[in-house]
Amino acid sequence: FDNTKYETIVCNMAYSVDDKHPFNVKTKADHVRARIIQSGYVLSQTSEQKKENMMQVCYILAMDPAGMIPQWVVNQFAPSKGMEIKKFVKNWEKLKATMENRKKNDFKKNHQPLFEPNEKLVYKE
């Protein structure tokens, strides 16, 4: 790392839930479901990038595909990730306003999660 100082860092992560989770949808009999270990985006912005209205975007995916993934499937879904990032960046100002409102209203302190977080993914100081 080069000691770059970032003014903004935003992270959006997801992971697969187990069969007992209330949001789990049963896998169809003739299908295999990949297990997502971690998936999401990390957006970062230095003060210089902010002046130029730019940001760095990193897409992260760690998964167990539970078998071979045909090349045509990879080719079909890979280009859509760029469009997802474009949409996310387009809505960036709205997202920043939402985050500021949550901060102002003590969202983290008052938020009641729907389920217990995965202990492996909880940040501890």
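## Terms and model

Buried means under 20% relative accessible area, exposed means over 50%, and partly exposed lies in between, with a 1.4 Å probe and protein chains only. This is a predicted model, in which local features need pLDDT of at least 70, side-chain atom pairs count only at pLDDT 80 or more, and totals for chains, interfaces and linings use all residues. Residues are numbered from 1 along each chain as its sequence is written, and side-chain values use heavy atoms, with hydrogens and water left out.

Helices (H or I, at least four residues) and strands (E, at least two) are DSSP runs, numbered from the N terminus.

## Salt bridges

Side chains of opposite charge can pair when their charged atoms come close. A salt bridge here is a side-chain nitrogen of Lys or Arg within 4 Å of a carboxyl oxygen of Asp or Glu. The model has three salt bridges by this rule.

One of them joins E7 and K50, whose closest N and O atoms are 3.0 Å apart. E7 is in strand β1 (residues 6-14) and K50 is in helix α1 (residues 47-51), so this pair ties together parts 43 residues apart in sequence. E7 has a relative accessible area of 45% and is therefore partly exposed; K50, at 38%, is also partly exposed.

Another salt bridge links E48 with K51, with 3.2 Å between the closest N and O atoms. Both residues lie in helix α1, three residues apart, which is about one turn of the helix. E48 is partly exposed at 45% relative accessible area, whereas K51 is exposed at 65%. The side chains of E93 and K96 also meet in a salt bridge, at 3.6 Å from N to O. These two are about one helical turn apart because they are separated by three residues in helix α3. K96 counts as partly exposed, with 23% relative accessibility.

A nonpolar core is a set of buried Ala, Val, Leu, Ile, Met, Phe, Trp, Tyr and Cys residues joined through side-chain atoms within 4.5 Å. The largest such core has five residues: V10, Y41, L43, M55 and W92. Contact means heavy atoms within 4.5 Å. Leaving out residues up to four places away in sequence, W92 touches T8, V10, L43 and M55.

Helix α3 covers residues 92-104, 13 residues in all. The expected span of a helix is 1.5 Å times one less than its number of residues. For α3 this gives 18 Å, and the end C-alpha atoms are 18 Å apart, so the two values agree. Just after α3, D106 has a positive phi of about 55°.

## Strand β2

T46 belongs to strand β2 (residues 35-46). Its relative accessibility is 13%, so T46 counts as buried. Apart from neighbours within four places in sequence, T46 is in contact with T4, K5, Y6 and E7.

Patches are made of residues with over 30% relative accessible area and no salt bridge; like charges are joined within 9 Å, and nonpolar side chains (Val, Leu, Ile, Met, Phe, Trp, Tyr) within 5 Å. Accessible areas come from the Shrake-Rupley method with a 1.4 Å probe, and for residues only the protein chains shown count as cover. I36, L61, M63, I69 and V74 form a nonpolar surface patch with about 350 Å² of accessible area together.

V74 sits in helix α2 (residues 71-90) and is partly exposed at 35% relative accessible area. W72 is also placed in helix α2 and counts as exposed, at 59% relative accessibility.
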